[in-house]
Amino acid sequence: MAWITVDHPPVNALSRAVRAGLLSALRSALADFSVRAIVIRCAGRTFSAGADVTEFDKTPEPPHLPAQLSDVTETIEGATKPVIVALHGTALGGGFEIALAGHYRIATRDAKVGLPEVKLGLIPGAGGTQRLPRLIGAAEALQWITSGNPVTAVRALELGAIDEIADGDLAQAALVAAHRLVHDGRPPRRTGELAAAAADDAAIADIEATVAKKQRGLLAPRYCIDAVRAASTLSFAVGLQRERQLFLELRESPQAAALRHAFLGEREVAKVPGLTGDIAAREVKAVAVIGAGTMGGGIAMCFVNAGLPVKLLEAEAQALERGIATIRNNYAATIARGGLSQGEMDARLRLISPTLSYGDLAAADLIIEAVFEDLDVKRRVFEQIDAVARPGAILATNTSYLDVSAIAEFTRRPQDVVGMHFFSPANVMRLLENVRAKKTAPEVLVTVMRIGKAIGKIAVLVGDSDGFVGNRMLAQRTREAYFLLEEGAMPQQIDKVLTDFGFAMGPFAVGDLAGLDIGWRNRQARAHLRKPGVRDCDLLDKVCALGRLGQKTGAGWYRYEKGSRLPIPDPAIEQLIIDHSRQAGIARHAIGDEEILQRCLYSMINEGAKILGEGIAARPVDVDIVWLHGYGFPAWRGGPMFHADQLGLSNVYAAILRLRERFGPDFWTPAPLLSELASPGKRFYPSGATHGDG
Ligand code: T1G
């Protein structure tokens with residue numbers, strides 16, 4: 001037997017060296033007459049997770065990935081000796097394509113397999129789109145490849161994508177399989193020689209409809225469909241060429257670059273400059289959440305979902321019961337969707353201890369306050385926490401814009417106070433904006449970054465500033481959206497421009513979903529900050545004063561039929577906006593979509609540049625990941641800062657100068673960093689590299 005083991009931690013990515021090593025090992029095993037069978041396997045926690053994504057942004061050197069990886073897969077498939085591929089962990093992308101080229105696939109029961117390339121704006125490029133349909137049929141292959149979601153080994157076996165599940169030792173099972181295949185004496189079963197998948201136009205039509213709805217604007221899913229269609233209509237060899245052609249087209253696409261940036265960025269934000277590995281995190285085994293409202297309840301669910309016990313405190317019993325009931329309903333809804341078992345729900349609920357007494361929080365390692373957004377209310381809560389919490393406990397506030405450093409001064413231990421800004425619904429949204437206050441201790445920052453990962457969040461560390469990163473930039477876009485309304489646009493026009501750009505929903509539909517009273521209360525709380533003589537639009541006040549608070553009242557910027565979430569343009573709102581413009585002395589005029597997009601995006605980008613200049617965000621990737629995972633910025637655009645680089649900072653700068661000409665310096669003065677980078681070729685991400693610097 002020849003055992004070929006890939007050992008390239010952490011995920012055995014198929015880097016250049018691994019591909020070359022695989023090829024030479026295969027060739028020597030094939031050339032060695034004493035070898036009767038070959039097993040390919042991986043060391044460490046997982047079989048290969050596919051091509052090395054970090055290589056894509058490097059200047060490609062021969063032998064190129066698709067060529068060389070295809071050399072590997074073709075050498076495997078063409079082998080005259082049985083090649084068994086032993087799978088554990090997550091065999092993904094090029095890793096699973098190696099398995100598909102193998103003659104026999106064996107996996108541990110808890111393994112997962114899949115072709116997630118579409119999530120990177122690509123298609124499988126080493127035969128996956130041609131071999132998988134031959135094993136499991138076109139319809140199923142289309143599902144796998146256009147969704148990119150992993151599939152369990154059990155399901156893969158049912159479908160024929162793998163041949164055996166090893167419940168004992170994987171290597172032993174591979175050995176037994178090899179013996180069986182050798183003594184069987186039949187020629188290796190080559191996937192590429194199997195009958196082409198029967199064409200399935202109905203399945204293709206279904207998938208095209210799903211893709212048009214769920215993956216709007218993305219190129220790769222459509223390319224996936226073309227490639228799988230080729231597996232039914234072309235010979236295997238020609239199908240492979242078609243796949244490679246489609247793959248190479250996408251590899252160079254801006255969408256693929258943006259999605260790679262998003263993938264690596266999600267991991268990069270966890271590595272905070274200056275928070276080095278030798279700073280020990282504090283232990284967090286017991287958590288307390290103050291406030292059982294929408295946010296508090298969702299936050300409590302995050303921790304019990306990760307197996308951490310939570311004390312949930314409320315001021316009144318009724319509010320506590322309401323909070324617990326909401327949590328129960330959330331879990332029941334997940335069970336109804338098949339995403340959780342009753343047993344799992346019960347186990348999680350058992351980890352929640354409702355309480356009305358601050359005294360019960362004395363043993364907590366981490367206490368998160370999620371009460372009403374008012375500084376006086378925060379003061380009262382933090383004074384009580386400070387009185388009962390054990391020394392070394394971390395005291396966190398879930399405020400979405402208030403001054404965390406000021407809140408820290410309500411305690412005698414500001415070094416233990418930090419912001420942990422969750423996004424609604426907290427048990428669903430993946431982003432966690434951790435806020436470093438003036439005196440927050442480094443080990444507290446390290447701890448909340450780690451705990452963020454432990455509860456399945458993408459934690460980004462930001463500085464303490466009004467609205468931190470996300471809400472601070474959102475405020476700029478919201479301002480421009482209101483100004484555009486009073487100058488001539490309508491909610492549905494602005495929302496369409498931003499959904500066409502790739503956002504799941506536009507600002508006005510989002511406002512109606514979240515409830516307009518949140519923004520209204522925020523405006524009232526900040527009225528004292530508004531400068532006389534500086535333009536302000538109070539349209540939101542007028543809409544809310546009519547009791548139109550959004551979906552929950554059946555009307556907001558749009559009206560909603562009973563039981564429907566479909567926003568319907570409302571002539572009453574249009575008239576209110578037209579009257580408002582007249583009262584404000586603004587002559588309404590037609591506004592083009594390009595202007596709407598520019599003003600909404602460039603106001604954010606300019607504020608992002610200010611945030612970077614002030615160090616509120618350490619790197620552009622921190623800004624981008626906040627917007628990708630907290631505000632629905634389309635991943636295939638990479639985030640506001642990445643997108644600005646693709647637009648060209650000198651173009652963005654020039655456009656902002658033109659807007660300043662028209663609207664004055666109050667809102668359209670270029671950020672110093674943007675002015676600095678406004679010469680051709682300069683970028684927020686120097687030299688196009690989106691990770692590790694800038
Ligand atoms: N290339 C390079 N680095 C990778 C990588 C990859 N494919 N996958 C993971 N890493 C790094 C990651 O950046 C992190 O680094 C560390 O590994 C741990 O990852 C021709 C072209 C496998 C399910 O899309 O989905 O094959 O932060 O934190 O949560 O058709 O990683 O420690 O420095 O995510 O346990 C297709 C991508 C490639 C799979 C593990 N493959 N990876 O998740 O750990 S395209 C993928 C994942 C392709 C061929 C085409 C996940 C994981 P660092 P992690 P995890």
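The protein chain carries 29 helices and 18 strands, where helices (H or I, at least four residues) and strands (E, at least two) are DSSP runs numbered from the N terminus. The model is predicted, and for that reason local features need pLDDT of at least 70 and side-chain atom pairs count only at pLDDT 80 or more, while totals for chains, interfaces and linings use all residues. Residues are numbered from 1 along each chain as its sequence is written, and side-chain values use heavy atoms, with hydrogens and water left out.

**The whole chain**

Begin with the C-alpha trace, which fills a box of roughly 85 × 60 × 50 Å along the principal axes. The radius of gyration of the protein chain is 28 Å, which agrees with the value near 26 Å that a compact globule of 694 residues would have; the radius is taken over C-alpha atoms, and the globule rule is 2.2 Å times the number of residues to the power 0.38. Colour next by burial: 54% of the 694 residues are buried, where buried means under 20% relative accessible area, exposed over 50%, and partly exposed in between (1.4 Å probe, protein chains only). Among contacts (heavy atoms within 4.5 Å) with a separation of 6 or more, 74% are between residues 24 or more positions apart.

**The ligand**

Now select the ligand and the 26 residues around it, of which Arg45, Ala49, Glu97, Glu117 and Lys271 come nearest; a residue is near a molecule if one of its heavy atoms lies within 4 Å of it. A polar backbone atom of Ala49 is 2.7 Å from a nitrogen atom of the ligand, a polar side-chain atom of Glu117 is 2.7 Å from a ligand oxygen, and a polar backbone atom of Gly125 is 2.9 Å from an oxygen of the ligand. Taken alone, the ligand exposes 1,000 Å², and the protein buries 77% of that, with areas from the Shrake-Rupley method and a 1.4 Å probe; for residues, only the protein chains shown count as cover. The elements giving two or more residues to this shell are α2 (65-78), β4 (90-92), α3 (94-101) and α11 (254-268).

**Helix α3**

**Gln215**

Move to the loop between α8 (201-214) and α9 (220-233), where Gln215 sits, buried at 17% relative accessibility. A polar atom of the Gln215 side chain lies 2.9 Å from the backbone oxygen of Thr146. Beyond its neighbours within four places in sequence, Gln215 is in contact with Val118, Thr146, Thr210 and Pro221.

**Backbone details**

In the loop between β1 (2-6) and α1 (16-31), select Pro10, which is joined to Pro9 by a cis peptide bond with omega about 5 degrees. That loop between β1 and α1 also holds Asn12, a residue other than glycine with a positive phi, near 50 degrees, and buried at 2% relative accessibility. Finish at Phe468, in the loop between β16 (458-463) and α18 (470-487), where phi is positive, near 55 degrees, and the relative accessible area is 0%.

Conventions. A polar contact is a pair of N or O atoms within 3.5 Å; within protein, one must be able to donate a hydrogen and the other to accept it, and residues adjacent in sequence count only if both atoms are side-chain atoms.
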